[in-house]
Amino acid sequence: MLNKFSDTIYYLSNQDDRERPTLGLVCGNRYSLIIDSGNSPQHAKDFLREIEKLNVPPIKYVVITHAHWDHLLGVNEFDASVIVNSRTNEMIKEWQRLSYDDSSLQKYVTTNQMSAMCMKIIQTDMPNRDIFKLKSPDLIFENTLTLDLGNKVCILENIKSTHTDDSTIIYIPDEKVVFLGDCAYGTTTNSLFHYKQSLLLPMIKDIQKYDADMFLLGHESICDSNEMNIYWEELTTASQVVKSTSLENALESFKVENYRVPNDNELFFIKAFVNDHIIQSQ
Ligand SMILES: [Zn+2]
């Protein structure tokens with residue numbers, strides 16, 4: 001079932017056990033816009049079936065927030081213009097070169113080109129895929145793009161991100177809502193989970209310039225500004241004490257600077273920033 005945020009914004013909640021991210025629907029007077037296409041054709045079909053129950057203007061655009069499979073692989077199901085930033089466009093080309101038959105998928109998993117979970121979802125949710133080819137984006141933008149869906153402006157921006165280099169966020173000014181995709185998360189490199197520390201403050205600045213009350217996240221659904229501010233605060237407090245690959249030094253600095261031990265979230269973030277230093281030093 002779709003969640004109704006307002007008369008013009010709906011979203012399908014993330015479903016973690018199936019690695020399904022949050023999908024968004026923004027409606028103007030003339031057109032509707034989709035945010036992320038789902039992790040498989042089946043995910044997209046489930047979303048479209050829910051949208052059909054609403055009386056909304058035709059879907060004209062699908063924005064892909066970044067080129068991770070779980071946001072991308074449903075895209076062929078939409079009869080609409082697909083919009084991505086130029087970095088995402090380059091990364092999608094790699095997904096277009098893949099074959100989706102069982103033996104190819106197994107090969108990608110063995111060579112770490114694809115996660116085992118991704119293969120499993122493709123196998124269960126894409127039954128006819130021997131000749132599957134991911135559709136190419138139709139509109140490619142640099143930096144920002146403003147769309148008007150009919151008395152409903154959407155501002156797309158390619159921002160700096162701790163998650164990927166190709167994150168697009170979508171701001172709807174009259175609703176004070178931002179769709180963040182996965183930009184505010186960390187990422188895994190060489191089996192180490194880390195947040196790209198150098199991009200944390202630029203990212204927060206990029207996001208906070210928008211006057212927003214609500215934030216939709218790829219794997220959390222919805223957060224208000226208070227929850228978002230706590231998240232930024234914990235991340236920045238953790239980041240400030242990590243200056244090397246030493247977890248011990250970071251924890252010691254945390255105590256000296258904050259007169260307390262870190263909470264569970266802060267500890268998780270500190271470890272992720274230490275991992276970032278380890279990756280940078282490799
Ligand atoms: Zn992602």
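Trainee: What domains is the chain divided into?
Mentor: The chain is split into domain 1, residues 3-237, and domain 2, residues 241-281. Keep in mind that this is a predicted model.

Trainee: How far apart do the C-alpha centres of domain 1 and domain 2 lie?
Mentor: Those centres lie 30 Å apart. The contact takes 12 residues from domain 1 and 11 residues from domain 2.

Trainee: Which elements give two or more residues to the side of domain 1 that touches domain 2?
Mentor: They are β13 (192-194) and α7.

Trainee: And by class, how many residues of each kind are on that side of domain 1?
Mentor: The side of domain 1 that touches domain 2 has six polar, four nonpolar and two charged residues.

Trainee: Back to α7. At what angle do α6 and α7 pack?
Mentor: Helix α6 (residues 197-208) and helix α7 (residues 225-240) pack at an angle of about 145°, and their axes are 11 Å apart.

Trainee: Is the crossing of α6 and α7 left-handed or right-handed?
Mentor: The crossing is left-handed. On the α6 side the contact is made by Q197, L200 and I204, and on the α7 side by W232, L235, T236 and S239. By class, that contact has four nonpolar residues, three polar ones and no charged ones.

Trainee: New topic, the largest nonpolar core. Which residues touch the most other members?
Mentor: The core has 61 residues, and V63, I169, I170, V178, L180 and I270 touch the most other members. Helix α9 (residues 264-281) gives the most to this core, with five residues. At least three residues come from each of domain 1 and domain 2.

Trainee: What does V63 touch, leaving out residues up to four places away in sequence?
Mentor: V63 touches L33, I35, I83, L156, T168 and I170.

Trainee: Where does V178 lie?
Mentor: V178 lies in strand β11, residues 177-181.

Trainee: Why does V178 count as buried?
Mentor: Because 26 other C-beta atoms lie within 10 Å of V178, and the cut-off for buried is 20 or more. In soluble globular proteins, nonpolar side chains tend to be buried together.

Trainee: Which residues does V178 touch, again not counting those up to four places away in sequence?
Mentor: V178 touches I169, I170, Y171, I207, Y210, A212 and F215. Take Y210: V178 and Y210 are 32 residues apart along the chain, and their C-alpha atoms are separated by 8.2 Å.

How values were computed. Residues numbered from 1 in each chain as written. Predicted model: local features only at pLDDT ≥ 70, side-chain atom pairs only at ≥ 80, totals over all residues. Axes fitted to C-alpha atoms, helices over the stretch in contact; angles between N-to-C directions. Helix = DSSP H or I, 4+ residues; strand = E, 2+ residues; numbered from the N terminus. Left-handed = near helix turned anticlockwise from the far one by under 90°. Contact = placed C-beta atoms within 7 Å. Nonpolar A, V, L, I, M, F, W, Y, C, P; charged D, E, K, R; others polar. Core = buried A, V, L, I, M, F, W, Y, C linked by C-beta atoms within 7 Å. Buried ≥ 20, exposed ≤ 12 C-beta atoms within 10 Å, placed from the backbone. Domains from an automatic or database assignment.
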